[in-house]
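The following paragraphs lead through a protein model, from its overall make-up to selected local features.

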Amino acid sequence: MSALTKAKGFKKSKTGTYLSIGTTAFGALSVVKQLRKARTESDTLLLLDAVVSAAAIATGLAILMRELKRVGDDDVLFG
């Protein structure tokens, strides 16, 4: 099994999905900082960018949660 095949398998595993959720949620910290800065500076354009980024993160997390459920449904031991 090649390294690329193993990497693709990891990406679709429960562990890989949890790791993706963690890194996506970590990105939310940057958006929170951006929101605070935009509000402090009354920068409408920066605020809009932060809101769009937050929506992208929320969508990404929803997709990852769906994938986690799908992986769980395929796993006989998961329940």
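**Overall architecture and local features**

Of the 79 residues of the protein, 18% count as buried, that is, under 20% relative accessible area, whereas exposed stands for over 50% and partly exposed for the range in between (1.4 Å probe, protein chains only). This is a predicted model, in which local features need pLDDT of at least 70, side-chain atom pairs count only at pLDDT 80 or more, and totals for chains, interfaces and linings use all residues. Residues are numbered from 1 along each chain as its sequence is written, and side-chain values use heavy atoms, with hydrogens and water left out.

The secondary structure consists of three helices and zero strands, where helices (H or I, at least four residues) and strands (E, at least two) are DSSP runs numbered from the N terminus. The order of the elements from the N terminus is α-α-α.

The predictor's confidence in each residue is given as pLDDT, from 0 to 100. Its mean over the protein is 83, and 76% of the residues reach 70 or more. Where pLDDT is low, the predicted coordinates should not be read in detail.

Contacts are defined by heavy atoms within 4.5 Å. Among those between residues at least 6 apart in sequence, 56% join residues at least 24 apart.

The loop between helix 2 and helix 3 contains Ser42. Ser42 is not a glycine, yet has a positive phi of about 50°. With a relative accessibility of 63%, Ser42 counts as exposed.
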